[in-house]
Amino acid sequence: MSKEPVAVVGIGQTRHVAARRDVSIAGLVREAAGRALDDAELTWADVDAVVIGKAPDFFEGVMMPELYLADALGAVGKPMLRVHTAGSVGGSTALVAAGLVAARVHGTVLTLAFEKQSESNAMWGLSLPIPFQQPLLAGAGGFFAPHVRAYMRRSGAPDTVGALVAYKDRRNALKNPYAHLHEHDITLEKVVASPMLWDPIRYSETCPSSDGACAMVLTDRAGAARAPRPPAWLLGGAMRSEPTLFAGKDFVSPQAGKDCAADVYRQAGITDPRRDIDAAEIYVPFSWYEPMWLENLGFAAEGEGWKLTESGVTALDGDLPVNMSGGVLSTNPIGASGMIRFAEAALQVRGQAGAHQVDGARRVLGHAYGGGSQFFAMWLVGSAPPGS
Amino acid sequence: MPDVLSAPLVVEFPFTRSLGPVQSAFLTGLRERVVLGVRTTDDRTLVPPVEYDPVTAEEIRDLVEVTPTGTVTTWAWNHAPRRGQPLTTPFAWVLVRLDGADTALLHALDAPGPDAVRTGMRVRVRWAEERTGAITDIACFEPYDGEAGEPGATGKSVPAGGHSGVFGDPITGIVAPARLDYTYSPGRAQSAYIEALSARRTVGERCPSCRKVYVPPRGACPTCGVATAEQVEVGPRGTVTTFCIVNIKAKNLDIEVPYVYAHIALDGADLALHARIGGIPYDQVRMGLRVAPVWTEGARYPDHYRPTGEPDAAYETYKELL
């Protein structure tokens, strides 16, 4: 028996900001979930199950927050699942929800991911002191910056590319009312002049810390037929993982990322991603990860990704727009960040992306990664159902 | 085999909570010696109140005051109170259904012993002297012989109908300190590694299957999934494979910025470890730089690595070790 086609019929998110002191965690997730239901013109009673994700519990210090969020998400009396795969969790949460529909376990599933970073300190949560071990000497940016230098060495990319990515994404965010950072006076010169925190990563090339939630309503063919607005159809979705550190790990282009993309493309019948995919929303927390992931995802040959960025191919009006929403560089409620990528891909193929809509986007990739480039989750969504 | 190390590990953080409208009213009410519940769509009163109806999922905001007297619905005796618990002497954990409420609140009951506690017994709130807008504004419950709804508990009568939930100077956020006490053990392989470091030797383990040398050792190869036991001394010299220049001062680290944080492949190791580079201006550090550890008296790890003066390693020799 073939899989049930999966459609995204509702999308909702909060206006992401540094601190939402006006709402509890329940109030935050409720806002996104309510907007997704409104978009789908459904009620709580129409939802068969809830799949929720967030990053480590240490980030807010609420152990198993899904238990207390059941009533805020209308999950009382229904199945509720929690997913956790570090920073990729927003993506893997959506894929777990999609799997429930594809397997015909449930007809309509609400999936949601969130983070309320203002209630804690993610850096603290990620660097708990371990007895006998040397403390990490450099912080989150310091963990990733050496990999960026390795990419620059391997590809021969000019050192200007990172700033170009940051400038592009922050400008895209100006078109997205839900984005956290709206730097109206941003210029390339300002990005370049921003402090060099972890050389080669500048301040303006790093992601912010945000409070926010993102939700989607996924449903089957029958649900899609009743939907008030065009659905986004799942054409392929996959997850892969590998250890954070092992002998032979390629931090610049991890094998798990390549395998994950290949699986998605196989499912969707994509033979040339650069030609067959219209836009991509990829998880870029530090600017240089755009060219790195473009190569890892097969949009460019190894060592060539930076050329797509430099030549404007990844600009909003380019041939392969990347991070139309403004990306993680403009909005980062960590647990929700992956789902925001997936939701942006769906918004694009539904033609609902507003001022950051890519004209004629028919197939768009959503991508998330997490841990020390350890977990990968991706989906490809289309404006037409699979097989059509 | 050396002893396996172990040490206490305390994880604690003062988390903050934005309360939202319902919890804000509830905790501010406690400060004012008012216990608020919330009315559900099927006309039940939930204490403590919640923001969303557990049956219909509708947003609920209809606050109602209940009396500070109630009935124990179940309990458990706590023989040995721990740090941070409501009372320092043995007490009963109780679920109390306050008069006027349909659900029970978890709190502590001050009683002389378990024989003095029973399901169905009547209790009342003992308010804390100093109240700040927290659940601890209820110091605990205590046995009470009066009737339900009598004003005797606080000296105030309960208003009929709902409560506005509006108070002056409302509490909108609280600090919720969390603390976990662990005993941490790094296990056999790491213990042996640390033991060797005390003699300024770096000893990893080789995977019997893929032959890769892991430093620090983990006792197993993450790629092959097999145990590792063969010890291999590596270094002390190594090669800087990649690095960054840290320009922001990290909390709790007494290192002047800028400094170089590098991945170093020790000679004979199959993956890089991370350390600081010194003894060279930060802007002269480069990939391929040959380095050696610099120890300080009594330290468990090298303080930093310094250049050896050897010619730089060729990129081809370390490009798989970034």
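# A guided tour of chains A and B

Begin with chain B, which is divided into domain 1 (11-178) and domain 2 (187-318); these bounds come from an automatic or database domain assignment. Select both domains: their centres, taken over C-alpha atoms, are separated by 55 Å. This is a predicted model, in which local features need pLDDT of at least 70 and side-chain atom pairs count only at pLDDT 80 or more, while totals for chains, interfaces and linings use all residues. Residues are numbered from 1 along each chain as its sequence is written, and chains are lettered from A and ligands numbered from 1 in the order in which they are written.

**Chain A as a whole**

Next, select chain A. Its C-alpha atoms fill a box of roughly 55 × 50 × 45 Å along the principal axes. Chain A holds 13 helices and 11 strands; helices (H or I, at least four residues) and strands (E, at least two) are DSSP runs numbered from the N terminus. Of its 388 residues, 61% count as buried. A residue is buried if 20 or more other C-beta atoms, placed from the backbone, lie within 10 Å of its own, exposed if 12 or fewer, and partly exposed in between.

**Strand β4 of chain A**

Select residues 108-116 of chain A, which form strand β4. Nine of the nine residues are buried, so the strand is largely enclosed by the rest of the structure. A:T108, A:L110, A:L112, A:F114 and A:K116 point one way, and A:V109, A:T111, A:A113 and A:E115 point the other way. In a regular strand the side chains alternate between the two faces of the sheet.

Strand β2 (residues 49-54) of chain A pairs with β4(A) in the parallel sense over six bridges, and A:I52 has A:L112 as its bridge partner. Strand β7 (residues 211-219) of chain A pairs with β4(A) in the antiparallel sense over nine bridges, where A:V109 stands opposite A:L218.

Select A:A103, in the loop between α3 (89-102) and β4 of chain A. A:A103 counts as exposed because it has 12 C-beta neighbours inside 10 Å.

**Where the chains meet**

Show both chains together. In all, 49 residues of chain B are in contact with 44 residues of chain A; contact requires C-beta atoms, placed from the backbone, within 7 Å. On the side of chain B that touches chain A, β1 (7-18), α1 (20-31), β10 (173-184), β14 (238-246), β15 (259-266) and β16 (273-277) each supply at least two residues. β1(B) gives the most, with eight residues. By class, this side of chain B has 31 nonpolar, 11 polar and seven charged residues. Ala, Val, Leu, Ile, Met, Phe, Trp, Tyr, Cys and Pro count as nonpolar, Asp, Glu, Lys and Arg as charged, and the others, Gly among them, as polar.

Select strand β5 (residues 196-199) of chain A, which two bridges join to β14(B) in an antiparallel arrangement. There, A:D199 stands opposite B:I245.

**An annotated span**

Finally, select residues 243-372 of chain A, where UniProt places "domain: Thiolase C-terminal" (unreviewed entry). UniProt positions are given in the numbering used here, feature names are shortened, and annotations may be inferred rather than shown by experiment. The end C-alpha atoms of residues 243-372 of chain A lie 8 Å apart, and the span is 38% helix and 8% strand.

How values were computed: Two strands pair if DSSP finds at least two bridges between them. Two residues are in contact if their C-beta atoms, placed from the backbone, lie within 7 Å.
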